[in-house]
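Visitor: I would like a quick tour, in questions and answers. Where shall we begin?

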Amino acid sequence: MSDVVVVGAGLAGFHTAAALRRLGHQGGLTVLGAEEHAPYDRPPLSKAFLGGSLTAADLALDDPDAPLDVVWERGVRVVGLQAGAAGAPHRVLLADGTDRRAEHVVVATGADAVRLGDHMPGAHVLRTIEDAERLRAERLAGARVVVVGDGFVALEAASTVVELGAASVVVAGPEERPLERRYGPELAASLLALHARRGVVCRGGARAVAVTSGADGRAAGVMLADGTHLDADVVVVGIGARPATAWLAGSAVVRDATGHVDCDARGATSVPGVWAVGDCARWNDEVRGPMRCAGHWQDALDHAATVAAALVGAPAPAVTEPYCWSEQHGVMVQVAGHLAGGERATVLDGSVDGADLLLRYDRDGEEVAVLGMNRPREVTRWRRSRRPRPVPTPLVAAESGPTRSLEDA
Ligand SMILES: Cc1cc2nc3c(=O)[nH]c(=O)nc-3n(C[C@H](O)[C@H](O)[C@H](O)COP(=O)(O)OP(=O)(O)OC[C@H]3O[C@@H](n4cnc5c(N)ncnc54)[C@H](O)[C@@H]3O)c2cc1C
């Protein structure tokens, strides 16, 4: 029997395993992953990998010269979890009818790209290496491209296909201006100006209802709710991601209404010995905001370090401010701090005309976040200035039952 089974061989799963070994865990460690690939980094999928300047080998997370001492099982889909009663091992159920037993199970199954209905003939999403390869294989030079969605991944895809020579790129998003609701009018105006300068048309207030196809089965465009049809040779759908946690249905692991696994501030779920990290998890974290939902690269790393520490009985790493970034048309957008909604933004420097901007966000008179466009130094300085805080106690899971560290087990 393995001491720890990690379900999901993505960023969070990989880093959980790496942190466990780094912290001295010497027991069995198995990582189960549905993909055939070794764990890889996803951010380049909409940027340099899609653009062709990185290969799949460049995305690999494990170091070929010093590989992790882990049993990797690739191409295996987990379909269920049976929690062990009274100290008995948990059973992780695989699609082939076999199981893996472990005292501790780390749920790291990430998220799946949301699709525009069940039928998206010839249209693309961006979540896996294969998705990016398929889009890259399209004849993008000279193509009319419609990108559905106005979040970071959609805007990055728009920027990369421009770079690849698309004849026209329309971003059809539900907001009047991209990312306005979350980050405010200043960033929205800047992004609009940036994309417009590169020839991308951001069509706001556009509710896409379907991808249409021609007689050849290829995507022919996108139908909007107001009856407008946006003609396209290539359609990319970037409307978000949904936690890949359906396999936990029927288990005692509590998920919220959106399917995220509910966790305390150390990643413990409602079932002792079951933990969750990365995009599939929602951590109850007082510093970063109550019931904060992950979805960014840095969250996956922070979760992994915290859960690994809990598993080996080490002190929890201090909680730092959330952080994420995006890159569009060569401009680095970075956000540090926690935006819960309703903050007021102030322009500290630069202007909203495009590629140079520094914003500060305040909530109830307190500075809570900064956003920089091409301002890496200022954002880094702000992150360093924020004192990491200890993980709050008591833990949610500790109230519903004992959490066992590997040392106790
Ligand atoms: C195109 C793209 C660009 C991004 N760019 C940025 C960026 O610029 N900045 C940023 O901060 N963040 C970015 N992100 C977000 C970041 O990559 C994610 O937050 C991170 O990958 C989350 O890691 P994870 O391990 O939780 O999930 P994933 O990386 O999705 O890994 C989950 C793994 O679990 C596997 N799995 C799922 N279900 C099962 C099952 N039932 N059985 C076995 N295995 C299963 C999946 O196949 C997958 O390999 C981007 C994401 C994407 C998709």
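Guide: We begin with Trp 325, which is partly exposed at a relative accessible area of 23%. Buried means under 20% relative accessible area, exposed over 50%, and partly exposed in between (1.4 Å probe, protein chains only). This is a predicted model: local features need pLDDT of at least 70, side-chain atom pairs count only at pLDDT 80 or more, and totals for chains, interfaces and linings use all residues. Residues are numbered from 1 along each chain as its sequence is written, and side-chain values use heavy atoms, with hydrogens and water left out.

Visitor: Is Tyr 323 buried or exposed?

Guide: Look at its relative accessibility, which is 11%. The limit for buried is under 20%. So Tyr 323 counts as buried.

Visitor: How many aromatic pairs does a search of the whole structure find?

Guide: Rings of Phe, Tyr and Trp (its six-membered ring) pair if their centres lie within 6.5 Å. Planes under 30 degrees apart count as stacked, over 60 as edge-to-face and the rest as tilted. The search of the whole structure finds four.

Visitor: What kind of pair do the rings of Phe 14 and Trp 72 form?

Guide: Phe 14 is in helix 1 (residues 11-22) and Trp 72 in strand 3 (residues 71-74), 58 residues apart, so the pair links distant parts of the chain. Helices (H or I, at least four residues) and strands (E, at least two) are DSSP runs, numbered from the N terminus. The ring centres are 6.3 Å apart and the planes stand at 5°, so the pair is stacked.

Visitor: What kind of pair do Tyr 323 and Trp 325 form?

Guide: Their ring centres are 6.4 Å apart. Their planes are at 25°, so this pair is stacked.

Visitor: Which residue lies over the face of Tyr 323?

Guide: A charge sits over a ring if NZ of Lys or CZ of Arg is within 6 Å of the ring centre and within 35 degrees of the ring normal. Here the distance from the ring centre is 3.7 Å. The residue is Arg 383.

Visitor: Over how many bridges do strand 21 and strand 24 pair?

Guide: Strand 21 covers residues 331-337 and strand 24 covers residues 366-373. Gly 337 stands opposite Ala 369 in strand 24. The two strands pair in the antiparallel sense, and the bridges number five.

Visitor: What is the bridge partner of Val 147 in strand 14?

Guide: An open sheet of four strands has the order 10-9-8-14, with parallel pairing. Four bridges join strand 8 (residues 144-148) to strand 14. The partner of Val 147 is Val 236.

Visitor: How far apart are the end C-alpha atoms of helix 8?

Guide: The expected span of a helix is 1.5 Å times one less than its number of residues. Helix 8 (residues 297-312) has 16 residues, so it should span 22 Å. The distance between its end C-alpha atoms agrees, at 23 Å.

Definitions and conventions. Pairing = 2+ DSSP bridges.
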